[in-house]
Amino acid sequence: MTTSRTALFLLAAYAAHADTVITRDSSSWNGHATVSGGVVKLNATFRSGSVTLQFGANYVRSIDFNSTVYNAGADPSKLLPRPNGGSFGGTVYTQNKTNQKCQDIIVDPGHVSCDGKPIPGVIRILVGNTQ
Amino acid sequence: MAREHFRKDQDAQDKAAQTSALELLKSLGAVAGVLTGLAFIYGWLYWATYYTAFGLNSLVLDLPFSVVSVSLAQVLVRDWKTETSLVKAILTLVVLAGIALTALFVHWYKHRHTGATVLPIILVLGMSIGAWWLGFHDAGLDAGCTSRLPTVAFELIQAPDKVDVPPPCLQGSGETCHLVLHINNTYRYFVAPDQEFCQAASISPGAGRMTYEISDGQIRIANIQTNIGW
């Protein structure tokens with residue numbers, strides 16, 4: 001009983017962590033995002049199944065942390081511009097109305113770190129413009 | 001006796017002329033009614049498809065009947081001035097086919113041809129599909145890098161807190177934004193694609209599109225730049 005409750009809690013926690021990646025061509029995709037090495041990986045579900053989309057830092061405009069997971073369209077993975085790595089910098093906005101400019105942002109499921117420091121309660125990352 | 005007979009003939013001729021003029025007016029009225037109704041349906045189909053592509057629900061937009069009814073002609077003129085030669089050729093063919101089918105329908109109807117009833121069905125179906133396709137096509141064009149929609153930038157009454165997430169398309173934000181519609185005291189707009197990713201903008205099938213809303217009560221000035229010339 002306790003095991004199943006824990007499993008349900010973990011499942012709900014994972015489902016609550018869902019994100020929207022908005023790109024510079026004004027498109028957007030929903031799923032679970034991670035960022036490392038300047039590349040955004042979005043584990044997204046489409047009608048055809050689950051795929052991992054990869055976006056370069058120069059192609060991403062922002063990442064919103066929300067509860068949206070649904071993608072109604074077709075899998076675009078073959079049509080996206082290739083990620084070219086580099087640093088993933090930008091402004092990180094949090095729930096308690098603070099923001100921080102970061103040169104290197106890393107996103108693990110449920111965790112965001114700015115230049116090596118963890119930041120709780122992040123709601124949005126605006127990519128670029130770190131000067 | 002002869003004079004009385006002549007007067008009766010004259011009266012009968014006058015009555016016949018009056019009846020024929022009345023019949024003509026009735027026919028013209030009926031045709032105008034049908035054409036207005038069809039123009040409304042095609043206009044509605046066009047705008048419903050167009051605004052749905054921007055995430056708006058056409059059923060709650062409350063677009064005026066008169067505007068919807070005349071808008072298809074306006075849309076055709078705009079598209080004629082802004083579209084590529086291929087789309088112009090398609091539009092020309094569709095309009096010519098519509099005129100030819102209408103003329104053929106009138107001819108067949110007069111001669112009691114059995115196929116006369118099929119032609120209006122083909123015409124209505126063809127025009128409906130055409131209006132739907134044009135709405136879809138124009139929305140794709142206006143959402144991309146060659147948008148014909150006006151650009152917009154807002155100045156808020158209360159400037160956003162510097163630590164808070166700024167709403168998109170504020171004056172001086174550096175973003176290019178397009179105004180989709182201002183209706184029910186609300187501006188509907190979106191951030192335009194960056195020029196270097198125009199190619200990707202046109203080939204991302206099924207991607208979401210972010211459309212934003214801001215109410216009149218929040219803004220001090222909306223700077224709208226329209227495209228004059230098309």
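Modeller: Happy to! Two strands count as paired if DSSP finds at least two bridges between them. Keep in mind that this is a predicted model.

Colleague: Which strand of chain B pairs with S2(A), and over how many bridges?

Modeller: That is strand S4 of chain B, residues 208-209, and the antiparallel pairing has 2 bridges. To place the two strands against each other, take Ser27(A): its bridge partner in S4(B) is Arg209(B).

Colleague: How many residues of chain A are in contact with chain B?

Modeller: Contact is judged by C-beta atoms within 7 Å. Here 20 residues of chain A are in contact with 20 residues of chain B. On the chain A side, S2 and strand S11 (122-127) are the elements that give two or more residues. S2(A) supplies the largest share, 3 residues. By class, that side has 10 nonpolar, 6 polar and 4 charged residues.

Colleague: Back within chain A, which strands pair with S1(A)?

Modeller: S1(A) is antiparallel to S2 (residues 27-36), with 4 bridges, and Thr20(A) has Asn30(A) as its bridge partner there. S1(A) also runs antiparallel to S5 (residues 60-66), joined by 6 bridges; in that pairing, Asp19(A) stands opposite Phe65(A).

Colleague: What should I look for in the hairpin of S1(A) and S2(A)?

Modeller: Check the backbone angles. There are 3 residues between the strands, and Ser26(A) takes a positive phi near 70°.

Colleague: And is S1(A), residues 18-23, mostly covered or mostly open?

Modeller: Mostly covered: 5 of its 6 residues are buried.

Methods. Residues are numbered from 1 along each chain as its sequence is written. Chains are lettered from A and ligands numbered from 1 in the order in which they are written. This is a predicted model: local features need pLDDT of at least 70, side-chain atom pairs count only at pLDDT 80 or more; totals for chains, interfaces and linings use all residues. A residue is buried if 20 or more other C-beta atoms lie within 10 Å of its own, exposed if 12 or fewer, and partly exposed in between; C-beta atoms are placed from the backbone. Two residues are in contact if their C-beta atoms, placed from the backbone, lie within 7 Å. Ala, Val, Leu, Ile, Met, Phe, Trp, Tyr, Cys and Pro count as nonpolar, Asp, Glu, Lys and Arg as charged, and the others, Gly among them, as polar.
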